[in-house]
Amino acid sequence: MTTMPTDTAQRYFVEDPAGKVRTLKYHIGGEWKISHTNKYMDCYNPSTGAVIARAPQCTTEEVEQIIGAAVKAFPDWANTPVNKRVQVLFRMKQLVDTHLDELTYLLAMEMGKAWQEAMGDVLKVNEVVEFAAGAPHLMKGESLMQVSPGYDTVQYHHPIGVFAGIAPWNFPAMIPHGWMTPICIATGNCMILKAASFVPQSSLRMMELWQEAGLPDGVLNVFTAGREQAEILLEHPEIKGVSFVGSTKVGKHIYSTAAAHGKRVQALCEAKNHALVLRDCKIERTAHGIINAFCGCAGQRCMALPTIVVEKVIADELVGYLKKFAVEHQKHLGAAYERSSQMGPVVNKGHMEFVLDWIETGVKEGAELVLDGRNPEVPEECENGYFIGPTIFDHVTEDMSVGREEVFGPVLCVKRVDNFEEGLTIMNNSRFANGSVIYTQNGYYAREFAFRTDGGMVGVNVGIPVPVGIFGFTGHKQSFFGDLHVMGRDGFAFFTETKNVTQTWFSEEGELGGKVDTWDGTITSLPEKE
């Protein structure tokens, strides 16, 4: 069994005398502090069910102090030349690479992602760090001389102030320290991160690495808290924008509340991604891709593939392959941090019960349970863990909620259709529009699908069409609330405001007391005077 590396730089926790349960701290203005709260949330190792840490629910006063620390740090950081700011990102990238195994183990331990999945979560941080390091180029504005006779205009992109990031539990590294932090700080802003209380240690450890990379005190602050304290971030006048990932219900509330208080908001929410499987697909390869897409991360990702819409003429054959490959996949359930495991647990007992309730709902609604992942066989040391095996429902119809709502577990729904048009109609009827996939060898249908699907991230024979960090994460409909997406050029626009400077200069011989027209020279279409 892999053991947790010992590192004296880990100061985000206090170890208990038995060395089993850590009491976690929060980070403010360059310091790690023990909260004065009397409310703590237990954090579990989902592979075994054991409590491994206690996360503080920081007090209202502590959250106010965290905001104050970020506000204090902003002027100096904003005035730091961008070329100097990105040196911190270069060093952070190196530190993540150096500590990759440690970070992977920590994430697998607290969240339950299998080793390769956990490593991908960490490496996705560096993907955006590398992109954000291009800030000297990506923050450049535009200019044009002679926009009007003797007038020039220059456009600049400026940092705005303090932003808040409210992170989910399913990607403890990638989302807070990839999607939310790198572009924010590279553009000269400060960030307050509310880490997910279920899985805070990856985020806290990343904070230590940002410190080691040389990030000035107060530019990034990390804490855990309850919903009441999170509300402060939505209304506080010093918070200029909010980046959120989580449920649609909460996302709507965050969007409406923060926007009503004049803040920028990007709220990434639920999904029910569908794949359209046509009769000409490479059927075995397609089945393998679907298994990966709905079982990966135990289905706990908003780009998972929980539903497929398959042409009836190949449905029986495809479902046969899916069952065969899923049964084989289930044999590799095990502790997430063991490198031999291909599939880990879900995050905690509450979420396990949530997914199990959805499986029961599918049965009651009349879907055919082809493969039941309840009570799977696991290694002895994992018997108290939160495991659900691959689960497959066939003959799911549009009146069944299990095929419409987000289950967020390793559950696949198979819907049967006659043709491309019927399948696309079903997919576009969803209230969500994150990912959308087609499996086909036909270029015409692939193009038609990409053009007509409502999904914001489209895969052609790609089950998880998550774009790399140079592109935005472009969910639509009720999968996203806001105007500017995370990552890509949208990310830079979200964290900056634009300023246009128009100027003219007078020669020493010029007539300074002459008449000035209504537009002060800034309109170019006035007719010439006779």
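At 55% relative accessibility, Y444 counts as exposed, where exposed means over 50% relative accessible area, buried under 20% and partly exposed in between (1.4 Å probe, protein chains only). The structure is a predicted model, in which local features need pLDDT of at least 70 and side-chain atom pairs count only at pLDDT 80 or more, while totals for chains, interfaces and linings use all residues. Residues are numbered from 1 along each chain as its sequence is written, and side-chain values use heavy atoms, with hydrogens and water left out.

## Exercise 1: aromatic pairs

Task: Find how many aromatic pairs the model has, and work out why the pair of F163 and F495 is edge-to-face.

Solution. Step one is the rule: rings of Phe, Tyr and Trp (its six-membered ring) pair if their centres lie within 6.5 Å, and planes under 30 degrees apart count as stacked, over 60 as edge-to-face and the rest as tilted. By this rule the count is 14 aromatic pairs.

Step two applies the rule to F163 and F495, whose ring centres are 4.7 Å apart and whose planes stand at 70 degrees, so the pair is edge-to-face. F163 belongs to strand β9 (residues 162-166), whereas F495 sits in the loop between α15 (488-494) and β24 (496-504), so this pair ties together parts that are 332 residues apart in sequence. Helices (H or I, at least four residues) and strands (E, at least two) are DSSP runs, numbered from the N terminus. F163 is buried, with a relative accessible area of 1%, and F495 is buried as well, with a value of 2%.

Step three turns to Y444 and Y445, where the centres lie 5.4 Å apart and the planes make 65 degrees, so that this pair too is edge-to-face. Y445 is partly exposed, with a relative accessible area of 33%. Finally, ring pairs join Y12, F13 and W32 into a cluster.

## Exercise 2: helix α7 and its partners

Task: Decide how α2 and α3 are each oriented relative to α7.

Solution. Two packed helices are described by the angle between their axes and the distance between the axes. Here axes are lines fitted to C-alpha atoms, for helices over the stretch in contact, and angles run from 0 to 180 degrees between N-to-C directions.

The axes of helix α2 (residues 82-98) and helix α7 (residues 201-212) come within 8 Å and cross at roughly 130 degrees. Angles under 35 degrees count as roughly parallel, over 145 as roughly antiparallel, 65 to 115 as roughly perpendicular and the rest as oblique, and α2 is therefore oblique to α7. The contact, which means heavy atoms within 4.5 Å, is made by V88, L89, M92, L95 and V96 of α2 together with M206, L209, W210 and E212 of α7.

For helix α3 (residues 100-111) and α7, the axes come within 9 Å and cross at roughly 155 degrees, so α3 and α7 are roughly antiparallel to each other. On the α3 side the contact has E102, L103, L106, L107 and E110, which meet Q201, S202, R205, M206 and L209 in α7.

## Exercise 3: helices α10 and α11

Task: Describe the angle at which α10 and α11 pack, and list the residues that make the contact.

Solution. Helix α10 (residues 283-295) and helix α11 (residues 312-330) pack at an angle of about 50 degrees, with their axes 9 Å apart, and the two are therefore oblique to each other. From α10 the contact takes I283, E284, A287, H288, I290, I291 and C295, and from α11 it takes I314, E317, L318, Y321, L322, F325, A326 and H329.

## Exercise 4: positive phi

Task: Give the phi values of C297 and F408, and locate both residues.

Solution. Most residues other than glycine have a negative phi. C297 has a positive phi near 55 degrees; C297 lies in the loop between α10 and β15 (307-311) and is buried, with a relative accessible area of 5%. F408 has a positive phi of about 60 degrees; F408 lies in the loop between β17 (391-394) and β18 (411-417), and at 14% relative accessibility F408 counts as buried.
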